[in-house]
Amino acid sequence: MGDEIQEYFKHALMVAKEAGERVKTDFYRNKNISVKENFADLVTETDTAVEELIVAKLKQRFPDHKFIGEEAVSAGGHCELTDSPTWIIDPIDGTTNFVHSVPHTCISIGLAVNKEIVAGIVHGPILGETFTAVKGHGAFCNDVKLSVSTIQDLKQGLVIIEGGTSRVPGVLDTKIANLKKVVENCHGIRAYGSAALDMCFVAKGSHEAYVEHGIHVWDIAAGKLIVEEAGGIVCDPSGDAVDLMSRRVLAACNKEIACQLSSIITNITLERD
Ligand code: LIP
């Protein structure tokens, strides 16, 4: 299986880079924008076109594989993770950034086999950073090996905590309360607007943790492996094992930071993917 995964990964990396060229071209143009769940949940023509491109290229080479793509699911498609090799795709993670021409935007492609992520690619075409991981082979950014931060005290850490796209009052109240607790307990908070890149920043060691409620499996599939292969941990914000379909995640450089962060967070239960 190891050689096969490497082959899948290499092909997907080529496809991600090709898709990145389309994202880069469209980034500097006027965008054709639509809304999904609410006025703050955006999709552009580029999201749809890039997802179609990625799925077509992967399907051509791996016709038996399954797919979970953000825009196909938003349009009513299936979101089912089985034991079959499944490509989990976010064509543009950080769509709001893309719309506003903020460079923190990326293509995220994760490959699950037996429901476990075995390869991950987070390609940021505007930032010029490509994060990759294959299970058991480490995590890299532009071919440089990544290692998480060694800080063990949250009070010395920099934490990423996102607002997300939900505008439901109760959800927002809990998020704001969480934000206050986190800011009271660390060096500072950041929000870059892309879950996949947020996770890669933990993998890179520049941030100690990232926590978010409201994300989807396509936002975190690739990032999960990249964090783990860089030596970090990915769990549920409650501290339990992560459930990729539960719409919430905590990534940290180590168990100590994960526990400290988890102990001050109030959790939100959301409809599963
Ligand atoms: C976005 C995430 C971001 C989160 C938003 C949204 P999209 O993904 O990456 O971190 O805060 O709620 O889910 O929609 O740009 O692919």
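## Ground rules

Contact here means heavy atoms within 4.5 Å. Helices (H or I, at least four residues) and strands (E, at least two) are DSSP runs, numbered from the N terminus. Axes are lines fitted to C-alpha atoms, for helices over the stretch in contact, and angles run from 0 to 180 degrees between N-to-C directions.

What you have above is a predicted model, where local features need pLDDT of at least 70 and side-chain atom pairs count only at pLDDT 80 or more, while totals for chains, interfaces and linings use all residues. Residues are numbered from 1 along each chain as its sequence is written, and side-chain values use heavy atoms, leaving out hydrogens and water.

## The seven-strand sheet

Start with the open sheet of 7 strands, ordered β3-β4-β5-β6-β7-β8-β9 with mixed pairing; two strands pair if DSSP finds at least two bridges between them. At its edges are β3 (66–69) and β9 (144–145), each with a single partner strand, so one side of each has no neighbour in the sheet. β3 runs parallel to β4 (residues 86–93), joined by 4 bridges, and Lys66 sits opposite Thr86 in β4.

Two helices lie over this sheet. Helix α1 (residues 2–27) goes across β4, β5 (106–113), β6 (116–124) and β7 (129–134), at about 25° to β6. α6 also lies across β4, β5, β6 and β7, running at about 75° to β7.

## The five-strand sheet

The other sheet to look at is open too, with 5 strands in the order β11-β10-β12-β14-β13 and mixed pairing. Its edge strands, β11 (188–190) and β13 (233–235), each pair on one side only. From one strand to the next, the twist averages 20°.

β13 pairs with β14 (residues 248–252) in the antiparallel sense over 3 bridges, and Ile233 has Ala252 in β14 as its bridge partner. α5 packs on this sheet, touching β10 (158–161), β11 and β12, and its direction makes about 175° with that of β10. α7 packs on the sheet as well: α7 touches β13 and β14, with its direction at about 140° to that of β13.

## Where α6 meets α7

The axes of α6 (residues 195–204) and α7 (residues 217–229) come within 8 Å and cross at roughly 5°. On the α6 side the contact uses Ala195, Ala196, Met199, Cys200, Val202 and Ala203, and on the α7 side Asp219, Ile220, Gly223, Lys224, Ile226 and Val227.

By type, the contact residues split into 9 nonpolar, 1 polar and 2 charged. Ala, Val, Leu, Ile, Met, Phe, Trp, Tyr, Cys and Pro count as nonpolar, Asp, Glu, Lys and Arg as charged, and the others, Gly among them, as polar.

## Pocket and cavity

On a 1 Å grid over the protein atoms alone, a cavity is a set of points where a 1.4 Å probe fits but cannot get out, and a pocket is an open set with protein on both sides within 12 Å along at least five of seven lines; lining residues have an atom within 4 Å of a point. Grid points are joined across faces, edges and corners, and a volume is the space filled by probe spheres set on the points.

The largest pocket holds about 1,100 Å³ of space. Of its 46 lining residues, Asp41, Thr165, Gly214, His216 and Arg247 are the closest to its centre. The lining divides into 13 nonpolar, 16 polar and 17 charged residues.

There is 1 cavity of 30 Å³ or more, and the largest cavity has a volume of about 60 Å³. β12 gives the most to its lining, with 3 residues.
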